[in-house]
Amino acid sequence: MANMIELKDVKKVYRSGGEDTFALAGVDVVIKEAEFVAIMGPSGSGKSTMMHIMGLLDTPTSGTYLLDGTDVSKIGKRRQAYIRNQEIGFVFQQFNLLARTSVLDNLLLPTIYGPVKNPVERAKQLIETIGLTDKIKNKSNQLSGGQIQRVAIARALIMDPKIIMADEPTGNLDTKTSHEIMGLFRKINEEGATIVLITHEREIAEFADRIIRIRDGQIVVTDTGERDRHAEETH
Ligand code: ADP
Ligand code: MG
């Protein structure tokens, strides 16, 4: 399979009050097309920063980013925004849905930024896939946490993206619901999407094909011991 995501010596430095924080201290990562990867690491290790860069929501201080073969570090913001909208779907831990807006209208939201064939039909299909046809008119405040995340995943799929990026998507959910959500990600992956998912829970990471570990803004090459694993889980 081709490389979908390739970061080469990517650094992200935050400057505040004369002090530099290396959120990413030179990261090299390759994620293949149709791979399902989990990113693990302690709080503050740079997971979200890395995902924001991969998702074209943020730019690196230095380094190169090849997305689906295109050097996106060399293209303008408008082109980046276009690629982001067409190729990447996002699921976050919170604030995924518009309040007081129906399931159907939440799904249709991304389609105002780009063309989708038969958007309402496509949205209804996805709502069926996530098993919420009977809640299609419900407002987001009339849904459970697990149902909200299912809608967020369906919305991330509406533009038929090649990549899904999820930052702690099961963070607020009970174990059974978390596993249902991860089952849904697996299914999406089996249909060909590349998935990059941040979690601090080993049990969740094990749904992925591969785990990338990050610590202090650097990829940890060697596998960590049981003690480190425990430390991660308690973060
Ligand atoms: P994680 O998602 O692994 O918890 P983050 O990527 O959010 O970690 O943060 C990595 C480091 O970068 C942390 O030290 C954090 O405080 C710092 N950081 C993140 N975003 C900013 C920002 N906008 N300004 C300054 N420092 C930031
Ligand atoms: Mg984070």
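## Close-up views of a predicted model

**View 1. The contacts of Asn172.** Not counting residues up to four places away in sequence, Asn172 touches Gln93 and Gln94, where contact means heavy atoms within 4.5 Å. The model is predicted, so that local features need pLDDT of at least 70 and side-chain atom pairs count only at pLDDT 80 or more, while totals for chains, interfaces and linings use all residues. Residues are numbered from 1 along each chain as its sequence is written, chains are lettered from A and ligands numbered from 1 in the order in which they are written, and side-chain values use heavy atoms, with hydrogens and water left out. Asn172 is found in the loop between strand E7 (163-167) and helix H6 (175-190); helices (H or I, at least four residues) and strands (E, at least two) are DSSP runs, numbered from the N terminus. With a relative accessible area of 52%, Asn172 is exposed, given that exposed means over 50%, buried under 20% and partly exposed in between (1.4 Å probe, protein chains only). Asn172 and Gly145 are 27 residues apart in sequence, and their C-alpha atoms are 7.5 Å apart in space.

**View 2. The surroundings of Ser140.** Ser140 lies in the loop that runs between helix H4 (119-129) and helix H5 (145-157), and it counts as buried because its relative accessibility is 7%. A polar atom of the Ser140 side chain lies 2.6 Å from the backbone oxygen of Leu98. Leaving aside neighbours within four places in sequence, Ser140 is in contact with Leu97, Leu98, Ala99, Arg100, Thr101, Asn106 and Ile148.

**View 3. The shell around ligand 1.** The residues around ligand 1, each with a heavy atom within 4 Å of it, are Tyr14, Thr21, Ala23, Pro42, Ser43, Gly44, Ser45, Gly46, Lys47, Ser48 and Thr49. Strand E2 (19-32) and helix H1 (47-54) each supply at least two residues of this shell, and H1 gives the most, with three residues. By residue type, the shell divides into three nonpolar, seven polar and one charged, with Gly counted among the polar residues.

**View 4. Oxygen atoms of ligand 1 and the protein.** An oxygen atom of ligand 1 is 2.6 Å from an N or O atom in the side chain of Thr49. On the backbone side, an N or O atom of Gly44 lies 2.7 Å from an oxygen atom of ligand 1, and a backbone N or O atom of Ser45 lies 3.2 Å from an oxygen atom of the ligand. Of the 560 Å² of accessible area that ligand 1 has on its own, the protein covers 58%, with areas from the Shrake-Rupley method and a 1.4 Å probe.

How values were computed:
Polar contact = N/O pair within 3.5 Å; in protein donor to acceptor, adjacent residues only side chain to side chain.
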